[in-house]
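Biologist: I would like to learn how to read strands and their pairing. Please walk me through this case.

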Amino acid sequence: MTEVTLPLKERLAWLRLIRSENVGPITFYRLLDQFGTAQKALEALPELAKKGGRSKKIRICPKNEAERELEALDGLGAQMILRDEAAYPPLLAQTEDAPPVLSVRGHSHLLRKKSIAIVGARNASINGCKFAGQLARDLGEGGLLVVSGLARGVDGAAHAASLASGTVGVQGGGVDVIYPKENESLYNEMIARGCVVAEPRVGTQPQARHFPRRNRIISGMARAIVVVEASPRSGSLITARLALEQGREVFAVPGSPLDARSKGTNGLIREGATLIENAEDILSQLNSTRNMTLEERKTPYDKRGYSMPPCEDQLRDARGIILKSLSPTPVSVDEIIRQCQISASIVQTVLLELELAGKLERSPGNAVSLII
């Protein structure tokens, strides 16, 4: 594959855009689609937010703030990888809400390997951790990169067992923030022998709201996900649901019905996840033809061109109609287009204005809802 690296000026603009107020990954890509480059999108943000009904000025990430983040990464011996660059994890690049930028410490070349995610309970049993470790070791020897969340329990066991073959930890906070502290030695070893990636800026302390976003990176990087132990309310089940939405295979390890940590995995199997007992079960499934549908790379945004925005007269007439169709309950964008009888480009532009104004929230499955 030919190396793709965007010019420094555009890389800085990408970082500024995703760090600006009310700009999430999906909005980021909508802006690129409409304006062609991140720099042009930055210039358009104030007017778009104003048209969406925002009264105060939207905060755009200053250039010097983005430069400081890049300097901080450089000081850590880390790097920033953009979604349109060849070093970016290939399958993650296919997801609709892939992080536009990733901070990376360690051996970034590992990100190109075919991956398997192993997740499970933080309070995993001794046997659960042992099985996760054996699974990770065998899958690594089978040529797969092991991806997990650097948490205690199953995650830590999977990482530790696959250091020799290759493992990547996805952080809930900044790439430089060790969490939990008890994994400090494992974190340092992964920097030396594996790789650690993060979506939030350097120094960000992990919070509960960060982990679902981290989980969609774990599942997005991988061809499949294995859940070893999980309670019915486990974050691992969120990762499994995200994996299904992303078109990934979901494998689950069965456990005793008397152990609450097995209720989640047993439930996954009951709902259609593939029961596995060893690495060979997984490798044989991944080698089958029905896993060949995952594409490795999209054409970069800067090579696709961009769509011309609708004229103001069209937008003025449509704003009220579209706003009336929205409520605090998520509705698919396709349904809005059908019900309002308005073109997709106009609907997408109005939704973009509302989101930048802080009045709209996006949900999985291309759904949106009003923020009241």
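Biologist: In which sense do strand 4 and strand 5 (residues 167-170) pair, and over how many bridges?

Modeller: First, the basis. This is a predicted model: local features need pLDDT of at least 70, side-chain atom pairs count only at pLDDT 80 or more, and totals for chains, interfaces and linings use all residues. Residues are numbered from 1 along each chain as its sequence is written, and side-chain values use heavy atoms, without hydrogens and water. Helices (H or I, at least four residues) and strands (E, at least two) are DSSP runs, numbered from the N terminus. Two strands pair if DSSP finds at least two bridges between them. Strands 4 and 5 pair in the parallel sense over three bridges. V147 stands opposite V168 in strand 5.

Biologist: How does the chain cross from strand 4 to strand 5?

Modeller: It goes through helix 6 (residues 154-161), in a right-handed β-α-β crossover. Right-handed means that, with the strands pointing away from the viewer, the path from the first strand over the helix to the second runs clockwise. Strand 3, helix 5 (residues 126-141) and strand 4 also make a right-handed β-α-β unit.

Biologist: In which sense do strand 3 (residues 115-119) and strand 4 pair?

Modeller: Parallel, over three bridges. S115 stands opposite L145 in strand 4.

Biologist: Which way do the residues of strand 4 (residues 145-148) point?

Modeller: In a regular strand the side chains alternate between the two faces of the sheet. Here L145 and V147 point one way, V146 and S148 the other. All are buried (under 20% relative accessible area; exposed is over 50%, partly exposed in between; 1.4 Å probe, protein chains only).
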